[in-house]
Amino acid sequence: MWEKARVRFYLEVQVFEQIFKSSNEAPMTPNQTKIQEALDPQTVACPKCHAEFVFYRSSAAHIDDYGFESYQLECPQCGTPLSGIIDPADDKLLLSQAS
Ligand SMILES: [Zn+2]
């Protein structure tokens, strides 16, 4: 009777350790996954000629006076200077023609 209880306790500890180990060894926490997704390249369209091109977000981006992550780029199709900010709600780049 006593032995049985001990064995059971031992097994429970093992299961607990396995759960702990596997969660500890998970390659990415949900938070890291979200950051990685946010930095994934995204397809954006030029507001002038509507050409689509791939935009790579920088992990060392410029933050403007309003706290937005902002970018200055040029349309690879028509050469229009563009300014963009990252929409904090969904991490998408919002482009407009630079004035
Ligand atoms: Zn363009």
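Author: A residue is called buried if 20 or more other C-beta atoms lie within 10 Å of its own, exposed if 12 or fewer, and partly exposed in between, with C-beta atoms placed from the backbone. This is a predicted model, in which local features need pLDDT of at least 70 and side-chain atom pairs count only at pLDDT 80 or more, while totals for chains, interfaces and linings use all residues. Residues are numbered from 1 along each chain as its sequence is written.

Reader: Is D91 buried, exposed or partly exposed?

Author: The place of D91 is in the loop between β5 and β6; helices (H or I, at least four residues) and strands (E, at least two) are DSSP runs, numbered from the N terminus. D91 is not a glycine, yet has a positive phi of about 65°. Because D91 has 16 C-beta neighbours inside 10 Å, the class is partly exposed.

Reader: Which residue in β5 is the bridge partner of Y71?

Author: Strand β4 (residues 69-74) pairs with β5 in the antiparallel sense over 5 bridges. The hairpin of β4 and β5 has 6 residues between the strands, and G79 takes a positive phi near 75° there. The bridge partner of Y71 in β5 is G84.

Reader: Which side chains of β5 point to the buried face?

Author: Strand β5 covers residues 81-86, and its side chains alternate.

Reader: What is the bridge partner of S83 in β6?

Author: β5 and strand β6 (residues 93-97) pair in the antiparallel sense over 5 bridges. In β6, S83 has as its bridge partner S96.

Reader: How far apart in space are E52 and C75, C-alpha to C-alpha?

Author: E52 lies in strand β2 (residues 52-55) and is exposed, with 11 other C-beta atoms within 10 Å. In sequence, E52 and C75 are 23 residues apart. In space, their C-alpha to C-alpha distance is 8.9 Å.

Conventions:
Two strands pair if DSSP finds at least two bridges between them.
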